[in-house]
Amino acid sequence: MNTALPARVAALRERLTRLHQTGADVAEASELEGLRADLAVRAARLVPQLEKGRLLGEAAIVVPEPASLTEVRKKALGIQAKFSAVPRAATLKKGQAWRTMLEQIDTAGRDLANTVMAAWKGHRSVVFAGETPGAIETKLAKTKANTEALRVYETLYHQFKIAFDSLPADWAAIERARRLGGELEAAARVFDFNVPAEVKSFLEAVQSVSGAPLDLLTPAVLEWLRENGGTDGYRVRSADRT
């Protein structure tokens, strides 16, 4: 019995050590899971915006990266490097880096959402920059053909507006918005403007994606715009502007 006692004591000590280690591992895993959950909540809000930005980029729509997104990316890389060296929850919780990163993710998500939406809405004028149905109606000859053409234009314009009120869900939504722009431009060419020839050429060009060149803004056109209170309805824009 006496010779067996040291062996039993050693075995008990080893067992106690394993139990202690197991408890420590459980506590560590629990802490890491809590940190992971906090990060997942933030990522769930940021990732969809990143995907929308990527979708627009694939459609050749430029989405500038917010400075806040660049900053949070740098912060995350720094934290990742430290955790790779010492993979413990204490590494992540040390100082304010982890909390600051979570706050920066929230800020970057909001900034990116605004940037992506602005890029999409800005693309609207690239696809079609024609006037509203109401603005066109005041310049049209009151004929049956114009009434029907305006009805078609109004329907297309409403659908076109809705397409840019929210972000596109997929590539098909982008293509549909662009197709509506082309259909609107075609519909505008049907209108019979009850105006002098020079003014008609100008008004028709305004409805196109490329807009009206300056040589169409003749003195006669300017005079007609002044007489009809239309000078405030147009703006000169560089053809190179995107």
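**A close look at one helix**

Guide: D170 caps the N-terminal end of α7, with a side-chain oxygen 3.3 Å from the backbone nitrogen of A172. A polar contact here is a pair of N or O atoms within 3.5 Å; within protein, one must be able to donate a hydrogen and the other to accept it, and residues adjacent in sequence count only if both atoms are side-chain atoms. Helices (H or I, at least four residues) and strands (E, at least two) are DSSP runs, numbered from the N terminus.

Before going on, bear in mind that this is a predicted model: local features need pLDDT of at least 70, side-chain atom pairs count only at pLDDT 80 or more, and totals for chains, interfaces and linings use all residues. Residues are numbered from 1 along each chain as its sequence is written, and side-chain values use heavy atoms, with hydrogens and water left out.

Back to α7. It has 18 residues and reaches 26 Å from its first C-alpha to its last, close to the 26 Å expected at 1.5 Å a residue; that expected span is 1.5 Å times one less than the number of residues. Which of its residues are buried? They are I174, A177, L180, G181, L184, E185, A187 and A188. Buried means under 20% relative accessible area, exposed over 50%, and partly exposed in between (1.4 Å probe, protein chains only). Looking down the axis of α7, the buried residues fall within an arc of 165 degrees, so they line one face of the helix. The arc is taken from the directions from the helix axis to the C-beta atoms. An α-helix has 3.6 residues a turn, so residues three or four places apart point the same way.

Now the wider picture. The protein has nine helices and zero strands. Its largest nonpolar core has 46 residues, and those with the most contacts inside it are Y153 and F191. Such a core is a set of buried Ala, Val, Leu, Ile, Met, Phe, Trp, Tyr and Cys residues joined through side-chain atoms within 4.5 Å. α7 (171-188) is among the helices that each supply at least two residues of this core, while α4 gives the most, with 10 residues. Of the protein's 242 residues, 29% count as buried.

Leaving aside neighbours within four places in sequence, Q49 is in contact (heavy atoms within 4.5 Å) with G109, L112, A113, V116 and L167.
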